[in-house]
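I opened this model to take notes as I went. I wanted the chains, their folds and the place where they meet.

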Amino acid sequence: MNSQLVFGAYIPLASPLHRLDARAKLLMCVWYVIAVFFAYTWWTTGWLFLALLAAIYLSRIPVKMYWRGIRPFVWVIIITAAFQVLFSSGGQTYWHWGWMSITSDGLVNSLILIYRFIVIITASTVLTATTPTLQLAQAFSSLLTPLKYIHIPVDKMALMLSIALRFVPTIMTEMHQIIDAQKMRGMHFNQGGLLARLHHVLPIFIPLFVDSFQHSEELAVAMEARGYVAGAPRTQFRQLRWKGHDTIAMVLMVALTVGLVLLRTYLS
Amino acid sequence: MNVIEAHDVSFTYPGANGTALRNLDLIVKAGELLAVIGQNGSGKSTLVQLLSGLQLPSTGLINIGNTEVNDRNLASIHQQVGIVFQNPGSQFVGSTVAEDVAFGLENRQVPSDEMPAIIKRCLQVVDMWEYRHTSPATLSGGQQQRVAIASVLALQPKILILDEATSMLDPLARQQIMNLLVNLRQQGLTIIMVTHHLSEAEQADRALALNNGEVLAEGPVHAVLSQQKLVQQLELHLAPGEHLLNQLQQLGISTPDRYLTTEEAVQWLKQRLNLTQ
């Protein structure tokens, strides 16, 4: 098994979640993410968190590997949460300086923000780790089929999505290599203030962008050489098949939503 | 039978000052293994792109089988020519090995129920069937290139082109790819291989040496590689046998004038040392 699970990487296993139809999983993920924005009490957030734990268990992928998926986003989460704490108002004020303050509402909002980041990233990782990217693209294309009638290039968008997800692990690996190379040349990423740290990001992202453009150019040539023509009709290796367990999964999502509504109504 | 005929082909990249390839004439026969050698910037990759229809000649004519390479025939050219590139990591679209092999078949609109048999056959040819459910990103470089070859073989090309496909691999993986290519040639596939390694080029039937966009030499591989000045000029990676003979020459020991493969060099050395086994 890949020991470097990152956001977007597919882990081939024979778990109940792997067996679900990609459309069911995509619908469940989108549904769950929307539901997350309706949860802001201990009960509702806990309810959705339990559902996520169940999904993680059913994926048969160890929890520590999901943590590896979240780890690259830790700084983004911390910085966003810090802004939320410092620039939110309302409730009891604990500290105040100029236009910055720490209030009880700000603290609660930042906690909710951290929670939402973590559960959304993890739910997306459950989806991508249990679904091959081409199947995900098929599901995307299948669910958005009606948009084809208003000339939206759904198939192209689906392939773009699939390739983007397919390249996430590659780009992450290259980013780690660039960071290691910069460290070897004396760069200290953990030193200095916020601005200094942001400044350190530049020598990582410039070579990363260069590499990414190189990859995209090479991939485009390789795809063309293998007969890909944008917009041309294609057959599908994996046929999406909706089965009984997919319907059961959707029923469970309805139950999850009903539970969320009840908790919001009676235990808020 | 000629599968490739190129007459007086030149190519200049848009906006470039110099010509990348000048007045090239080339004939490749069916079932032949052609090694294209030359320094970086000699025009090897440009030739590959022209032969596979990824670029069109500025002047001159290229025929693949009976099809002229032009913008009207690109689909037919892509059906006849398969290409494996240098960087294995940048060629994969699928999230599993089987899905990646299927990508080209999907583009060709091969019916879904026919795909599993084709995928199985091609992955067995490159000895990667057991990895069919594995993510290509987790494979070694040599395994990735074998999958890339399987993905191309699935499309049943008449000509397989490898553009420095072994340059990022370790010696063992390079040897595995070479063994695979020799097997494929024995099955009748026409192969064009761009390489910097003499140990690979020596396994070809013919060699084409390019320098600054022009043909330096072309002919049977031993005849081309026996031109020592040419080999030095191209700065190729010497095969172990050739390296040994060069060292002996520097010590003043006379060695054969013609190019010897590593096996031939070993035989020659055994005779010189009067070894019977």
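First, the terms I used: helices (H or I, at least four residues) and strands (E, at least two) are DSSP runs, numbered from the N terminus. I took two strands as paired if DSSP finds at least two bridges between them.

Then the ground rules. This is a predicted model, where local features need pLDDT of at least 70, side-chain atom pairs count only at pLDDT 80 or more, and totals for chains, interfaces and linings use all residues. Residues are numbered from 1 along each chain as its sequence is written, while chains are lettered from A and ligands numbered from 1 in the order in which they are written.

**Entry: the sheet of chain B**

I looked up the strand order. Chain B has an open sheet of six strands, β6-β7-β8-β3-β9-β10, with mixed pairing. Which strands stand at the edges? They are β6 (81-84) and β10 (214-220) of chain B; each has a single partner strand, so one side of each has no neighbour in the sheet.

Next I picked one pair. Strand β3 (residues 33-38) and strand β9 (residues 206-211) of chain B run parallel and are joined by five bridges. Within this pair, G38(B) stands opposite L210(B).

**Entry: where the chains touch**

I counted residues in contact (C-beta atoms, placed from the backbone, within 7 Å). Chain B gives 34 residues to the contact and chain A gives 27. Which element supplies the largest share of chain B's side? It is helix α3 (residues 97-107) of chain B, with seven residues. By class, chain B's side has 13 nonpolar, 18 polar and three charged residues. Here Ala, Val, Leu, Ile, Met, Phe, Trp, Tyr, Cys and Pro count as nonpolar, Asp, Glu, Lys and Arg as charged, and the others, Gly among them, as polar.

I stayed with α3(B). Is this helix mostly covered or mostly open? It is mostly covered, as 11 of its 11 residues are buried. Buried means 20 or more other C-beta atoms within 10 Å of a residue's own, exposed means 12 or fewer, and partly exposed lies in between; C-beta atoms are placed from the backbone. The buried residues include E99(B), D100(B), F103(B) and E106(B). Their cover includes α7 (133-143) of chain A, together with α4 (115-125) and α5 (141-153) of chain B. Just after the helix, Q109(B) takes a positive phi of about 60°.

**Entry: chain A**

I counted elements next. Chain A has 10 helices and two strands. Of its 268 residues, 27% count as buried. Its C-alpha atoms fill a box of roughly 60 × 60 × 40 Å along the principal axes.

An unreviewed entry lists "transmembrane region" for residues 30-58, 70-87, 107-129 and 248-267 of chain A. Residues 107-129 of chain A are 100% helix, with end C-alpha atoms 32 Å apart. Residues 70-87 of chain A are 83% helix, and there the ends are 25 Å apart.

How values were computed. Contact = placed C-beta atoms within 7 Å. UniProt positions renumbered as here; feature names shortened; annotations may be inferred.
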